[in-house]
Amino acid sequence: MNIFFQQVLNGLTLGSVYALVALGLTLVYGILHIPNFAHGALYMVGAYMAFYLVGSLGANYWVAMAGAALVVALLAVLSDRFIFHRLRNAPPLHDMIAAIGLLLFLEAGIQAIWGAEFHRLAPPYPQIVRLFDLVAPAQRLIIIAAAFGLMFVLHLFLTRTLTGSTIIAMAQNREGASLVGIDATKVSVITFAISGALAAVAATLFAPINLIYPSMGHLVIMKAFVIIILGGMGSIPGAIVGGLVIGFAESFGAFYVSTNYKDIIAFALLVLILSFRPQGLFPSGARA
Amino acid sequence: MMSKTWQKPLLAVLLVLAIVFPMLAANDYYIYVMSLAYIMAIAAVGLNLILGYTGQLNLAHAGFMAIGAYTVGILTVDYGVPYWVAFVVAGALSAIIGFFAGLLSLRLKGHFFSIFTLCVGFMIYLIIEKWDALTHGTVGIIDIPAPTGVGPIRFDNTWAQYYLVLFFLVVSLWLMSRIVNSLLGRAFIAIRNGEDLAETLGINLMRTKVLAFVLSTFYAGMAGALYAGFVRFIGPAMALESHTFDMIAFILVGGIGTLFGPLLGAILLTWLTQSLQFLQDFRMIVFGPLLILLVMFFPQGLIGYWRERQARRAAASVQDRRLQRSVVGPQQEVGTNA
C-alpha cells in the first residue's frame, strides 16, 4: 500500500511539473502555430535563475521563484518580439529553425556562465510529512499544491477575465479576433510572458528534488511535446490530463518495469498511440 | 542557358582542387579536418533531400547517422566482421529502420512530423546509451578498425582515408544530382511546394515521402559508417539532436534545396569552428544566433543567393534585348521570328 502510494505521489509530482511546462507550450502554440522548441531552454534558464538568486544572492525560495518567473517571462517576450513576430509571414520551417537556434544559444550561454557540471538547489523544505502510516517529502507536496493552484488560477484568468478571453479568442480564430478589435501584439506578449513564467515556476518547483544542468530542458521539453500531441495541440485540459498521464506512466513504469528505461516510456507511448490514432487522443478543435 | 556552359568546367576545377588539397595542406591535421567536413557533408546532403527538396524537417537525422556508425562499430569490434561487410550492413540497416520510422512518422504532417522525429531521435539516443550489452553504453566503442584495403590500395593513413571519403562524397553528390533531376526528384519538390497540389497531380504522397525519407536515412547511415571507420571512436552523443542542428546549419548556410549547399556549408562551418578553437564547446553561442539571422535575412543561403542573382541578371538581359528590339522596329522582329 505504502509503495503504491509512493508511486502515486511520484506520478502526481512529475505530472504536475510536466503539465505546467506543457501548458506554456500549448498556449504559445495557440498563438504562433509553431512548436516552440526553445521552450525547454526557457525552463532550464528558469532553474538557473532560481539557483543564482538563492545560491549567490541568498534570496528566499519563493522570492527566487518570482524572480526567475519574471526574468524568463521577459526573455520569452523578447524572443517573440525580436524573432517569432518578425518571422510571422515566413514558412513554418523558418520559425522552427529560429526556435532551435534560440535553444542552442541559451544552452551554450548558460554553459559558458555556469559550466556544464550539475548543480543543486538546496531544498527549502527538507521535512518529511507523516499522515497515518504514509510518508511524503514536503517538497513533493508543495510541487503538487503549487502546480495545481497555478493551473486553477490560470483557468480562472483564461475564462473569467477579458484579457484571458482575448487569448482564447486569438487561439480559436486569428482573423476573427482581429475583426472584433483584439490587439494581436498585446495578446502575444501576454501569452509569451505567461508561458515563460510557467516554465520558470515549474523548473523552480522541481529543482530542489532534481539536478540543474544546461541540457536539463531536453527531456522535459520532449515530454511536453509528447503531452501536447497526445492532448491535442492548443488544448489546455489536454495539456493537464496529458501531463498527468505521462507522469503516472513514468512513475509506475519506473517501478514496475525498469528505472533504466523510464525516460523512454513517454516516447514509446507516443509511438504506440500515434500508430493507431495519428490525430492524437483528443484531436484539437475544442479549446480552453 | 548560360550557367550550364561553365558548370562542368567549374565542377572539374573543384574536383581537381579537392584532389590536390592534401598536397597543399600544411599538415595531416588539416586533411583530417577536411575529411570530417566531407563526412558531415554526406550526411547533410542526405538531410537536404528530405528537408530541402521534400520540405520535411526530420530532426532524427543524427540518430540514423549513429545507427550506421554503431552498426560498423559493433560488428567490427565485437563480432570481428570485416569493415566493408559492416559498411554495407550499416547502410542497409539505417535504411530499413528509416523505412519503418518513416512509415510511422510521415503519417503526421508539418510540425507534428518534426516533433515526432525529435522524439524518435531521442529514443535512438536513449537506447544507445542504456543498452550496455550491445552498444557499450555511455563508454562508447573504441578501437574501431580502419577500413580494410581494397586490392592494392590500403586505408591506414590520413591521406588514403581522405581520398576514400572524397570518393564517397563525389558518388553521393552524383547520385543525389541524378535523384533530384529525375521525375522522382520533381515529385519531391512538388510535395515541398504544396502537398495538396502534388496529390492532385497524381503523386502518391505517402509512398514518395517515405522514399525520400529512406534515401536520406541511407545517406545518414553511410556517413555514420564512414565516420566510425575514420574517427574510430563513437559515443552515444552523436545521436543527439544538437548533431542534427549542426547539419541544418550547414544546409542553411550553403543553400537549402541546392545540390552543393550542404557541402559548401559543411566546409565553411567546419573550418570556422576549427579556426575558433576556443569556441569548440560554445560554438552554439555563435551558431544559434547565426541560424536565427540566416532564416530572418538570408533564408536562401549562399548558393541560393547566387542563383537568385543569376536569375535576376538573366531576366534583366532578356528585358534589355526586348527593349532594343522594340526600338529597332516591329519589322525586324517579324524577320527574326520567321
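Author: Let's begin with the term itself: a salt bridge is a side-chain nitrogen of Lys or Arg within 4 Å of a carboxyl oxygen of Asp or Glu. The idea behind it is that side chains of opposite charge can pair when their charged atoms come close. What you see is a predicted model, in which local features need pLDDT of at least 70 and side-chain atom pairs count only at pLDDT 80 or more, while totals for chains, interfaces and linings use all residues; side-chain values use heavy atoms, with hydrogens and water left out. Residues are numbered from 1 along each chain as its sequence is written, and chains are lettered from A and ligands numbered from 1 in the order in which they are written.

How many salt bridges does the structure hold over all chains? There are three.

Start with A:Arg81, which pairs with A:Asp80; their closest N and O atoms are 3.0 Å apart. A:Arg81 counts as partly exposed because its relative accessible area is 22%. A:Asp80, with a value of 2%, is buried.

The next pair is A:Lys223 with A:Glu250, whose closest N and O atoms are 3.1 Å apart. A:Lys223 belongs to helix H9 (residues 217–231) of chain A and A:Glu250 to helix H10 (residues 236–256) of chain A, so this bridge ties together parts that are 27 residues apart in sequence. Helices here are DSSP runs (H or I, at least four residues), as strands are (E, at least two), and both are numbered from the N terminus. Both partners are buried: A:Lys223 has a relative accessible area of 3%, and A:Glu250 has 1%.

Chain B supplies a pair too: B:Glu195 bridges to B:Lys209, with 3.0 Å between the closest N and O atoms. The two residues link distant parts of the chain, 14 residues apart, since B:Glu195 is in helix H9 (residues 195–200) and B:Lys209 in helix H10 (residues 205–231) of chain B. Both are buried.

Now look at where the chains meet. Between chain B and chain A the count of salt bridges is zero. The rule does find one residue pair in polar contact across that interface, both at pLDDT 80 or more; a polar contact is a pair of N or O atoms within 3.5 Å, where within protein one must be able to donate a hydrogen and the other to accept it, and residues adjacent in sequence count only if both atoms are side-chain atoms. On chain B, the elements giving two or more residues to the side that touches chain A are helix H5 (110–130), helix H11 (241–254) and helix H13 (283–297). H5(B) gives the most, with 12 residues. Sorted by class, that side has 28 nonpolar, three polar and four charged residues. In this sorting, Ala, Val, Leu, Ile, Met, Phe, Trp, Tyr, Cys and Pro are nonpolar, Asp, Glu, Lys and Arg are charged, and the others, Gly among them, are polar.

In total, 35 residues from chain B and 43 residues from chain A take part in the contact, where contact means heavy atoms within 4.5 Å. The area buried between the two chains is about 3600 Å², with carbon and sulfur atoms giving 84% of it. B:His111, B:Ile115 and B:Lys130 supply 16% of the area that chain B buries against chain A, more than any other three residues. Buried area is the accessible area (1.4 Å probe) that two parts lose on being put together, summed over both.

For a view from chain A, find A:His94 in helix H4 (residues 92–114). A:His94 is buried, at 13% relative accessible area. Beyond its neighbours within four places in sequence, A:His94 touches A:Leu87, B:Val295 and B:Pro299.

Finally, the UniProt record (unreviewed entry) lists several "transmembrane region" spans in chain A, including residues 61–84 and 225–249; such annotations, given in the numbering used here with shortened feature names, may be inferred rather than shown by experiment. Residues 61–84 of chain A are 100% helix and 0% strand, with end C-alpha atoms 32 Å apart. Residues 225–249 of chain A are 84% helix and 0% strand, and there the end C-alpha atoms are 16 Å apart.

Technical notes: Buried means under 20% relative accessible area, exposed over 50%, partly exposed in between (1.4 Å probe, protein chains only).
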